[in-house]
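Subject: Structure handover and salt bridge notes

Hello,

Please find the structure below, with the sequence. My notes on the charged pairs and the overall layout follow it.

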Amino acid sequence: MSEPLAAVGTWRPVMEAAGHRCQCSGQCGNAHAKTDGRCPRMHDGYTSKHGHRVRLVAAPADPLTPPVKAVTLPPAELRAWCPECHTAAARRARTTTPVDDAPGLFDL
């Protein structure tokens with residue numbers, strides 16, 4: 001099984017807790033209906049659609065967590081994500097995040 005070159009002490013506990021499987025349960029917008037609501041991608045597994053190897057990442061459960069804060073989180077606050085789910089979840093979270101009540105351009 002392949003492992004990252006850095007932060008193995010953080011990555012390994014996250015992957016072991018996740019069973020080396022992506023922990024997305026629909027945050028990406030896909031209901032993952034065929035796999036009981038959880039992404040079926042396994043670390044080092046192959047995707048059937050494109051045939052490339054899946055490399056899971058350890059990232060915060062909230063995909064909008066800034067990188068500066070994310071690197072300080074302990075393994076217990078991280079989740080295993082496949083890159084496709086993490087990217088889609090971040091994109092989806094950005095588009096559904098409520099806008100602050102900042103005054104508009106023409107509000108005086």
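A salt bridge here is a side-chain nitrogen of Lys or Arg within 4 Å of a carboxyl oxygen of Asp or Glu. By this rule the count comes to three.

Before the details, some notes on the source. This is a predicted model, in which local features need pLDDT of at least 70 and side-chain atom pairs count only at pLDDT 80 or more, while totals for chains, interfaces and linings use all residues. Residues are numbered from 1 along each chain as its sequence is written, and side-chain values use heavy atoms, with hydrogens and water left out.

Layout

The protein has three helices and two strands, arranged along the sequence as α-β-α-β-α. Helices (H or I, at least four residues) and strands (E, at least two) are DSSP runs, numbered from the N terminus.

Salt bridges

Side chains of opposite charge can pair when their charged atoms come close.

For burial, I use relative accessible area: buried is under 20%, exposed is over 50%, and partly exposed is in between (1.4 Å probe, protein chains only). E84 is partly exposed at 33%, and R41 is partly exposed at 27%.

D44 takes part in a salt bridge with R55, at 2.2 Å from N to O. D44 and R55 are each in the loop between α1 and β1, 11 residues apart. D44 also meets R53 in a salt bridge, at 3.9 Å from N to O. Through shared partners, D44, R53 and R55 are joined into one network. Within it, D44 is buried, with a relative accessible area of 13%. R53 is partly exposed at 38%, and R55 is partly exposed at 38%.

Whole-chain values

Of the 108 residues, 30% count as buried. Taking a contact as heavy atoms within 4.5 Å, residues 24 or more positions apart account for 50% of the contacts with a separation of 6 or more. The protein exposes about 7,400 Å², and carbon and sulfur atoms supply 57% of that area. Accessible areas come from the Shrake-Rupley method with a 1.4 Å probe; for residues, only the protein chains shown count as cover.

Regards
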